[in-house]
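Try each task before you read its solution.

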Amino acid sequence: GMMATTTRIIRVKEVAGPVGRLLSLATCRRQCEIVPIDEDSDGVQTHPDDDLILEKLEAAVDFAEDFTGRAINLRTFEIGFDEFPTGGIELPRPPLVEVVTFYAGNDSDGLLDQGLDYVVDDFGTCAIVTPVVSWPSFTKATNGIRLQFRAGYASEEDPDSDAPRLPPAIRSAILLVMAHLYENREDSTEKALAAIPLNATALLRPKRVRLGFA
């Protein structure tokens, strides 16, 4: 049966950043109601504000990630712990795409095999990694146990990705926040984020995974 206890991981670090933009420049321009103005010799449309728009997109994605506790940009994370917990390990930053490597001790010697040593239950919002029988014996060592996993949503620029599609509510919220930051570009990002449109946070609120957040 299901193990009663799962350990929630607080410490998590990013080990490989996102590949490709979450949303295309064309999508972002449309949201900001910007018409590309320059067409250079090779027919590529550009706009002087493109870099600014992409900067605001990044800030909007960061805001949505912090607010929901999810990984939105698809990337690789690593968690480390000193000893095996008694039960399962709840992976932070859903949605999980895959566990990449899981080892205890030396990289090659201590490699755990999915299916043989552990299973991944991704039925709930946060995936839970549990031992098939029991965790191997391990002498406590600082971050001696490490698990790398990929999490996040497919980007518009990489639709063939194995990651899930970005939920429409999160996509809409990110576009609203990005446009708001763009419209208020004279303000600092902090000041502009303090006045986020309520409809953006309303879209994100049901997607929250962190406990104890309003």
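**Exercise 1: Strand pairing**

Find how strand 7 and strand 10 (residues 145-151) pair.

Solution. The two strands, strand 7 and strand 10, run antiparallel and share 7 bridges. Strands here are DSSP E runs of at least two residues, helices are H or I runs of at least four, and both are numbered from the N terminus. Two strands count as paired if DSSP finds at least two bridges between them. Next, widen the view. An open sheet holds 4 strands in the order 2-5-10-7, with antiparallel pairing. Its edges are strand 2 (13-16) and strand 7 (96-104), each pairing on one side only.

**Exercise 2: Confidence**

Locate the lowest and highest confidence in the chain.

Solution. This is a predicted model; local features need pLDDT of at least 70, side-chain atom pairs need 80 or more, and totals for chains, interfaces and linings use all residues. Residues are numbered from 1 along each chain, and side-chain values use heavy atoms, without hydrogens or water. pLDDT is the predictor's confidence per residue, from 0 to 100. The chain averages 89. Strand 3 (residues 38-39) is lowest, with a mean of 70. Helix 3 (residues 168-183) is highest, at 97.

**Exercise 3: A contact list**

Which residues does Leu 57 touch, leaving out those up to four places away in sequence?

Solution. Contact means heavy atoms within 4.5 Å. Leu 57 touches Leu 23, Cys 28, Ile 174 and Met 178.
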